[in-house]
Amino acid sequence: MPIFDALTPAEIATVKKAGTELPLPAGWSPINERTGADKAYIILEGEVSVRRGGEEIATLGPGDIMGEMAIVNHTLRSATVVATTRLKVVHLTPQAIDELSTTVPAFGEAIRAAAAERLGGNG
């Protein structure tokens, strides 16, 4: 479920402003399995492959968030994410996610729902 679906245009603007918009090249791996939860990204453009133990378990695209599960659950990363195309993303720190979860309740609910769905689906 794209993370922005539950948000108003004003809330989306607040989320984007809380992060840093970045371009990432194809082939780049912004998140690596078994590393600390130091960032999350919302994909604005492009696609990624989510891999566990080198095997693809999911693909994500525009509107999807990646990296939130380890932040929400206070765990190490459960998968590696590799850009399969050029990406435009919003980079969010754990502090930004915590603050947004309070100031934009719909964002907090969407983040928790995304993390719970992935945890339940082992993805």
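Predicted model: local features only at pLDDT ≥ 70, side-chain atom pairs only at ≥ 80, totals over all residues.
Local features were considered at pLDDT of at least 70 and side-chain atom pairs at pLDDT 80 or more, whereas totals for chains, interfaces and linings use all residues. Residues are numbered from 1 along each chain as its sequence is written, and side-chain values rest on heavy atoms, with hydrogens and water left out.

Helices (H or I, at least four residues) and strands (E, at least two) are DSSP runs numbered from the N terminus. Beyond its neighbours within four places in sequence, Leu 92 is in contact (heavy atoms within 4.5 Å) with Val 15, Ala 18, Gly 19, Lys 39, Ala 40, Ile 42, Ile 97, Leu 100 and Phe 107.

Glu 68 is located in helix α2 (residues 68–73). The residue is buried, with a relative accessible area of 0%. When residues up to four places away in sequence are not counted, Glu 68 touches Ala 40, Ile 111, Ala 114, Ala 115 and Arg 118.

Side chains of opposite charge can pair when their charged atoms come close. Four salt bridges were counted, each defined by a side-chain nitrogen of Lys or Arg within 4 Å of a carboxyl oxygen of Asp or Glu. One of them joins Glu 21 to Lys 88, with the closest N and O atoms 3.7 Å apart. Because Glu 21 lies in strand β1 (residues 20–24) and Lys 88 in strand β7, this pair ties together parts that are 67 residues apart in sequence. Glu 21 is partly exposed at 45% relative accessible area, and Lys 88 is likewise partly exposed, at 28%.

Lys 88 also meets Glu 45 in a salt bridge (3.5 Å, N to O). Glu 45 belongs to strand β2, so its pairing with Lys 88 in strand β7 connects parts 43 residues apart in sequence. Glu 45 is partly exposed, with 44% relative accessibility. Through shared partners, Glu 21, Glu 45 and Lys 88 are joined into one network.

A further salt bridge is formed by Arg 77 and Asp 38, the closest N and O atoms being 3.5 Å apart. Arg 77 lies in the loop between α2 and β6 (80–83) and Asp 38 in the loop between β1 and β2, 39 residues apart. Arg 77 is buried at 3% relative accessibility, whereas Asp 38 is partly exposed at 47%.

The lining of the second largest pocket includes Ala 37, Ile 71, His 74, Pro 94, Asp 98 and Arg 112. At least two lining residues come from each of α2, α3 and α4, and α3 provides the largest share, four residues. A pocket is an open set of points on a 1 Å grid over the protein atoms alone where a 1.4 Å probe fits, with protein on both sides within 12 Å along at least five of seven lines; lining residues have an atom within 4 Å of a point.

Definitions and conventions
Buried < 20%, exposed > 50% of the residue type's maximum accessible area, 1.4 Å probe, protein only.
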